[in-house]
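Reader: I have a model open here. Can you walk me through it?
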Amino acid sequence: AALASVKEQLDRFSVLAHRLLSYARPRLMAQQPVQMEDVLSRVLALTSAQLKIMNVGMTTSIDPSLPEIIGDPHQLEHLFVNLVMNAVQSMPAEGGALTLKALRLRNAIEIVVCDTGKGMAKETMRTLFQPFNSTRSEGFGLGLYSCRRIVEEHGGNIEVKSKLGHGTSFRILLPTPRAGKETR
């Protein structure tokens with residue numbers, strides 16, 4: 001039991017480190033083949049202690065035939081740790097539900113992170129991805145700004161849908177290398 005407690009604390013520390021690291025602008029983004037299924041599995045393992053503590057149920061639906069993308073696995077991990085933790089922190093004290101879906105599209109992978117948190121007003125959503133904008137008093141206001149930056153550096157895009165009192169959904173599209181195109 002003591003070992004499980006230590007592992008849980010290490011995971012929590014790791015999540016915090018991830019979130020802080022994602023704010024630092026990397027000098028060079030790695031360009032390597034990335035299995036999104038592996039990235040998402042690591043994110044789920046890292047955040048599972050937090051989900052349990054905050055009484056958040058997680059449902060996942062990850063297409064087993066996801067193609068590789070070209071990018072930086074660490075930055076992608078930062079991106080999804082941030083999105084999952086934002087979702088968890090938007091939940092009421094009694095907890096909630098989080099859904100993570102990843103599916104293969106024709107030239108992209110679509111990843112959706114959906115929560116049953118408090119949702120956002122339209123005015124909040126207008127400035128959501130701007131730097132130094134936070135909906136939490138203890139927030140830096142760099143989390144979603146860095147999320148958008150990471151998605152854009154991977155040639156993708158990020159959209160948000162939210163309704164006050166009804167939760168929020170982030171949809172990320174990451175392009176896959178086109179067949180026959182050289183990848184280095």
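Reader: Which residue is the bridge partner of T60 in β4?
Author: L100 is the bridge partner of T60 in β4. This is a predicted model, where local features need pLDDT of at least 70, side-chain atom pairs count only at pLDDT 80 or more, and totals for chains, interfaces and linings use all residues. Residues are numbered from 1 along each chain as its sequence is written, and side-chain values use heavy atoms, leaving out hydrogens and water.
Reader: In what sense do β2 and β4 pair?
Author: Parallel, over seven bridges, with β4 spanning residues 96-104. Strands are DSSP runs of E, at least two residues, and helices are runs of H or I, at least four, numbered from the N terminus; two strands pair if DSSP finds at least two bridges between them.
Reader: What packs on the sheet?
Author: Helix α2 (residues 36-53) does, touching β2, β4, β5 (108-115) and β7 (168-175); contact means heavy atoms within 4.5 Å. The direction of α2 makes about 170° with that of β2. Axes are lines fitted to C-alpha atoms, for helices over the stretch in contact, with angles from 0 to 180 degrees between N-to-C directions.
Reader: And the strand order of the open sheet?
Author: β2-β4-β5-β7-β6, five strands with mixed pairing. β2 (56-62) and β6 (157-162) each have a single partner strand, so one side of each lacks a neighbour in the sheet.
Reader: New topic. Is T168 buried or exposed?
Author: T168 is buried, at 7% relative accessible area. Buried means under 20%, exposed over 50%, partly exposed in between (1.4 Å probe, protein chains only). T168 lies in strand β7.
Reader: Which residues does T168 touch?
Author: Among them are V113, M120 and V160, not counting residues up to four places away in sequence.
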